[in-house]
Amino acid sequence: MNPSILWKGIMNVGACSMSRFQFPIRHFTKPLISCNMSLLSVPNSSASSISTTIDSTKPKQNEPWLIVGLGNPGKKFNGTRHNVGFEMVDTIAEAEGISMSSVSFKALFGKGYIGDVPVILAKPQTFMNLSGESVGAIVSYYKIPLKQVLVIFDGLDLPFAKLRLLPKGGHGGHNGMKSVINHLKGNSGFPRLRIGIGRPPGKMDPVAFVLRPFTKQEKEELNFTLQDGLEAVRIILLDGFDKGATFVNSAKKMEQTG
């Protein structure tokens, strides 16, 4: 083989440019490798060795997670049962030092990290029944895989202050979730964390019930649930969904049998 051609090929490898998008730019921490390998004309054994070396030095690629809390905007709805998704996102933002002061995609919006995993936090400001307008736009713009879209919302059929984590499912009659699924082209294959708000007493209208504020005692109990939810989110992002589900479900089983 002509030595000059081999030398040109090696120099091209040496000139590979590694660029790293610094979070929170659109594509977050995805590394790009730009180099021309066409001049590398070497025997198979050598080519295999070079290829292995390059692959082994690639940094781990972390795609962003989108964590959405559902609720209604405005002071009128602060502290109501229907807004518990907002409260969960606020808890995450405060614990991880993520500012939620920006407004983008019709949502209060924040970017940061949990551990080394980039995250987007969002609280749609469209009112509950139109939440999907915000969620769908964020998912589309950042090209976030649905398996990394966690939606947090209130569960009317779940006992108060209990958590339930599922990898996918329907909307269960929840208008916010119905809107999200519709704006994800009917795809419901994304994880969701429900926070129980209990059933309305007596014959109270469920619509009126979900818009009621929590009592002082309920708030105290809910704070423990929000901390459990925070820990569950950390486990999901850092250790995987299955371990997060085990954390939530095993805790629920212990409470039910205790």
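This is a predicted model: local features need pLDDT of at least 70, side-chain atom pairs count only at pLDDT 80 or more; totals for chains, interfaces and linings use all residues.

Colleague: Is strand β3 enclosed or open?
Modeller: Five of the five residues of β3 (residues 65–69) are buried, so the strand is largely enclosed by the rest of the structure. Buried means under 20% relative accessible area, exposed over 50%, partly exposed in between (1.4 Å probe, protein chains only). Strands (E, at least two residues) and helices (H or I, at least four) are DSSP runs, numbered from the N terminus.

Colleague: Which residues sit on each side of β3?
Modeller: Trp65, Ile67 and Gly69 are on one side, Leu66 and Val68 on the other.

Colleague: How does β3 pair with strand β6?
Modeller: In the parallel sense, over four bridges. Pairing needs at least two DSSP bridges between the strands. Trp65 has Val119 in β6 as its bridge partner.

Colleague: New topic. How many salt bridges are there?
Modeller: Five. Each is a side-chain nitrogen of Lys or Arg within 4 Å of a carboxyl oxygen of Asp or Glu.

Colleague: What does Glu218 bridge to?
Modeller: Arg81, with the closest N and O atoms 2.8 Å apart. Glu218 is in helix α7 and Arg81 in the loop between β3 and α3, 137 residues apart. Arg81 is buried, at 3% relative accessible area.

Definitions and conventions. Residues are numbered from 1 along each chain as its sequence is written. Side-chain values use heavy atoms; hydrogens and water are left out.
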